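Colleague: I would like to learn how to read a model of this kind. Can we take it one feature at a time?

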Amino acid sequence: MIRRALTACACVFGMACAIADEPADLLSPERVQRGHAAFGESCSYCHGENGAGGATGAPGLQGRTDLSAADIFATISNGRISGMNIMPAWGESLTEEQRWALVAYIRSMAGAAK
Ligand code: HEC
């Protein structure tokens, strides 16, 4: 129990740091490519192939100029639940860099520079 609480705290602080530590070269082609591969493994079964949108209540992630890099990072790290729609939290299963790679991929699909 205590260990669990400590882990949760570490996670909150770690995340605050991570947001401040957004990579300066977030949209480097190499990072976007890694994000694309990871998305195919962990995300596309809900969000659709290449983020085109799924049948599970998971929103499409293409052309999303409304989502900032920090928003996306927070959603991936913490997850989100609204009603029956559940976005799992990945903060403990993916490293920060893996999460930033996913952010980079999604931002790259916004069609706009950061
Ligand atoms: C089990 C299905 C599922 C999986 C797997 C999943 N998501 Fe989601 N995701 C959702 C749902 C459902 C929502 C919408 C939650 C809501 O309505 O608040 C969501 C929301 C999001 C959002 C916010 C979109 C918005 O409109 O604000 C982002 C970004 C996102 N997911 C990224 C990812 C990434 C990256 C992965 C892979 C690491 C992933 N998701 C894996 C179901 C999933």
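**Reading the model, feature by feature**

Modeller: Start with H47, which counts as buried because it has 21 C-beta neighbours inside 10 Å; the cut-off for buried is 20 or more. H47 sits in helix α3. Keep in mind that the model is predicted.

Colleague: Which residues does H47 touch, leaving out those up to four places away in sequence?

Modeller: H47 touches G53, G54, A58 and L61. For a distance, take H47 and G57: they are 10 residues apart along the chain, and their C-alpha atoms are separated by 8.4 Å.

Colleague: Is L94 buried, partly exposed or exposed?

Modeller: L94 has 17 C-beta neighbours inside 10 Å, so it counts as partly exposed. L94 is in the loop between β2 and α5.

Colleague: How should I read confidence?

Modeller: Where pLDDT is low, the predicted coordinates should not be read in detail. Here the protein chain has a mean pLDDT of 85, and 80% of its residues reach 70 or more. Confidence is lowest in helix α1, residues 2-20, with a mean of 49. Helix α2, residues 29-42, has the highest, at 98. Over residues 5-11 pLDDT stays under 50, and for that stretch the model has 2 contacts beyond four places in sequence.

Colleague: How do I read one side of a helix?

Modeller: An α-helix has 3.6 residues a turn, so residues three or four places apart point the same way. In helix α4, residues 69-78, the buried residues are I72, F73, I76 and S77. They cover an arc of only 130° around the axis, which puts them on the same side of α4. After α4 comes G79, with a positive phi near 75°.

Colleague: And how do I read a nonpolar core?

Modeller: In soluble globular proteins, nonpolar side chains tend to be buried together. The largest nonpolar core in this model has 14 residues, and L102, V103, Y105 and I106 have the most contacts inside it. α4 and α5 each supply at least two residues of this core, and the largest share, 7 residues, comes from α5. Not counting residues up to four places away in sequence, Y105 touches V32, G35, H36 and F39.

Colleague: Which residues come nearest to the ligand?

Modeller: There are 22 residues around the ligand, and C43, C46, A58, N85 and M87 come nearest. The shell divides into 14 nonpolar, 7 polar and 1 charged.

Colleague: Which helices and strands each supply at least two residues of that shell?

Modeller: They are α3 (44-47), α4, β1 (80-82), β2 (85-87) and α5 (96-108).

Conventions. Residues are numbered from 1 along each chain as its sequence is written. A residue is buried if 20 or more other C-beta atoms lie within 10 Å of its own, exposed if 12 or fewer, and partly exposed in between; C-beta atoms are placed from the backbone. Helices (H or I, at least four residues) and strands (E, at least two) are DSSP runs, numbered from the N terminus. The arc is that of the directions from the helix axis to the C-beta atoms. A residue is near a molecule or strand if its C-beta atom, placed from the backbone, lies within 6 Å of it. Ala, Val, Leu, Ile, Met, Phe, Trp, Tyr, Cys and Pro count as nonpolar, Asp, Glu, Lys and Arg as charged, and the others, Gly among them, as polar. A nonpolar core is a set of buried Ala, Val, Leu, Ile, Met, Phe, Trp, Tyr and Cys residues joined through C-beta atoms within 7 Å. Two residues are in contact if their C-beta atoms, placed from the backbone, lie within 7 Å. pLDDT is the predictor's confidence in each residue, from 0 to 100.
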